[in-house]
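Please look over the sequence and the structure shown here before reading the notes below.

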Amino acid sequence: MGARHRVVFQPMGVAVQAEAGTTLGDLAPPGIPIRFDCGGKGVCGQCRVIAEPAAHLSPPSQAEAESLGPDVLARSVRLACQARILGPVTVTLPGESADSPEVRGKDGLTGIFTPDPMVQRLVLPPAAAGSSGCLVSDLCRRALQATGRRVFFRDGDALGQLSRLDEPRAALTLVSHRQKGVTAVFSGCRPQTLGLAVDLGTTTVAAFLCALDSGRVLASAAALNPQRRFGADVISRISFTATRKNGLQTLQALIVATLNDLSDRCLEQVGARRESVDELSVVGNTTMQQILAALEIRGLGASPFLPVVRTPLDLRARALGLDFNPGTNVHLFPVASGFVGGDTLAAVLADDLQARETAGLVIDIGTNGELVLGGRGGLWAASCATGPALEGAHIAAGMRAVAGAIHRVVIDPQSGAIAPQVLGQEDGARPRGLCGSGIIDAVAAMRRCGVLLPDGRLRGGMPGVVCDEQGIGRRFVLVSAAKSATGQDIALSLADIRQIQLAKGALRAGITLLMRRAGLERVARTTLTGAFGARFDWRSAVAIGMLPPVAVAGEVLVRENLAGVGAVMALMDRRARARVRALARSITVVELAHEPDFQARFVRATQFPPLDASGWPVTATP
């Protein structure tokens, strides 16, 4: 083992001992809020820290030289994913670059749902005299006599709980699952039966505590997915498990710890205990669900991108490391393909798309884009590689939708005056960067006022455009350094615009190809959902060519967190699970990359369409 050195992270005051040669990113404890949007590849430039003394760090890498430049490096600014320790170091996180723990919007689900759960609590009165020969037989007979329900035992931990009862003939409470039998045994009368629905997002995790007998959502909580430190998208996390020893175990342990914490926060809100939770329902993309189930995900990173299993999984809480009764059932949704996961099926379930007479379209935009089109006559689905740019990642001034994020942008076409709206500005928050909705708004406003050309170039000589020595427009300043909270310009560069072109081109091409496959020329109803999809102005998305006009020609609905709603529905009502299983079997997944003209359509869709005087596309770009 090599020399070990002390590294202190400020302003948190957290100190760790690390072996020489370790990167600052690898040794940073989980609670240190450093952004690693690119998964430590040195390309996003978001993991900036101040590290001193410089002599105790490795020389700047080529990635640092390209991302930071000599002037910034001279101020002891380094990329945490690149700088390696050679001696004791103090690492300071600049306030403007720290990743905020704030989560907005995903935990606001409320309401009452139809209750017909898979699991039920049976309260049994004290036993009468007589015996059937063993405790299990006695309990089964008592349950049938007292409740009319037949129960059975398969779970070893439930049998263990039964064997440890001081008074097995006294009043008891059984947790009975329709498929798995008795999963827990308690002494006395404990009728409270709760369930936890989980939306396991790539960026954010949300949990909803529900009363299984009444169907009411009682509490909710949300947190950032701690796996973000290994990359903002699933591809980065797949790469992490393939290149790091125990990578899968690391990611699984992080998400399990988050679920335990979220459940505690929900239970505290209603004054309940973990032993009252009788089942969990979990939705997420295919990668997130397989990580939770501790199933290898490397196969999802290479063609043919096959999931380990497409059918739903019912696992024991103890097997996953969750702090509930050991036999508590954890229901993971089925998936349609490697990139059309349980969260997409949950959104379709919540939207009731499969039962509609007229064609509808569900667009779920987060760190990836999922599309489901159709109705009662059939459903077609596709996944679009939009990437995390639409949630602010891989954008120089990008950030999540938290306080300080610009989420709306208006540019006066006559004067060029820019009017940004900032989340939290009513509480004094100053602009720190752009979240996804702000990015789309800004690009649309730049198109309307003529700053942004159809091919993605910036028009030199326009107010706000910063040009290089050859007169080529390189970036457009939305907020000057003097007005921003970071002391730096908040701007969109050519590289940023290119990321948006790639993202919007993929979504646009995906929608048009899916409509062609379904034989549709227009959509009667479009539902926008997802972490980003429910918050952006869809009219701006049409203006930049991200959504084709035919996709918004009918009714357009914005519904937050349909995936979470679907998770709650399946937790509360076993019939909803049957509908989801049928969806997974019947849905037709269109692999866009295999479509012969996808690449040509994608390239054309990266262009920005011409606009009329009202800011609406003049022609429908194919």
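The briefing that follows takes up a helix contact, a loop residue, a sheet with a helix across it, and aromatic rings.

The model is a predicted one, and the points below should be read with that in mind. They begin with two helices, α9 and α13, which pack with their axes 7 Å apart, and they end with the aromatic pairs, of which the structure holds three.

**Helices α9 and α13**

- Helix α9, made of residues 342-351, packs with helix α13, made of residues 562-572, at an angle of about 80°, and that angle makes α9 roughly perpendicular to α13.
- On the side of α9 the contact is made by D343, A346, A347, L349, A350 and D351, while α13 contributes L562, A563, V565, G566, A567 and M569.

- D573 has its place in the loop between α13 and α14, the latter spanning 574-586.
- Is D573 buried or exposed? With a relative accessibility of 8%, D573 counts as buried, because the cut-off for a buried residue is under 20%.
- When its neighbours within four places in sequence are left aside, D573 is in contact with T114 and D116.

- Three strands form an open sheet in the order β21-β22-β23, and their pairing is antiparallel.
- β21 (465-467) and β23 (490-493) stand at the edges with a single partner strand each, so one side of each has no neighbour in the sheet.
- On average, and with direction ignored, neighbouring strands of this sheet are turned by 30° against each other.
- The antiparallel pairing of β21 with strand β22, which covers residues 473-479, runs over three bridges, and V465 stands opposite F476 in β22.
- In general, strands of a sheet pair through backbone hydrogen bonds, either parallel or antiparallel.
- Helix α11, formed by residues 494-518, lies across β22 and β23, and runs at about 65° to β23.

**Aromatic rings in α15**

- The structure holds three aromatic pairs; in the pair of F598 and F602, the ring centres are 6.0 Å apart and the planes stand at 15°, so this pair is stacked.
- Both F598 and F602 lie in helix α15 (residues 598-605), where they are four residues apart, which is about one turn of the helix.
- F598 and F602 are both buried.

Notes. Residues are numbered from 1 along each chain as its sequence is written. This is a predicted model: local features need pLDDT of at least 70, side-chain atom pairs count only at pLDDT 80 or more; totals for chains, interfaces and linings use all residues. Side-chain values use heavy atoms; hydrogens and water are left out. Axes are lines fitted to C-alpha atoms, for helices over the stretch in contact, and angles run from 0 to 180 degrees between N-to-C directions. Angles under 35 degrees count as roughly parallel, over 145 as roughly antiparallel, 65 to 115 as roughly perpendicular and the rest as oblique. Contact means heavy atoms within 4.5 Å. Two strands pair if DSSP finds at least two bridges between them. Buried means under 20% relative accessible area, exposed over 50%, partly exposed in between (1.4 Å probe, protein chains only). Rings of Phe, Tyr and Trp (its six-membered ring) pair if their centres lie within 6.5 Å; planes under 30 degrees apart count as stacked, over 60 as edge-to-face and the rest as tilted.
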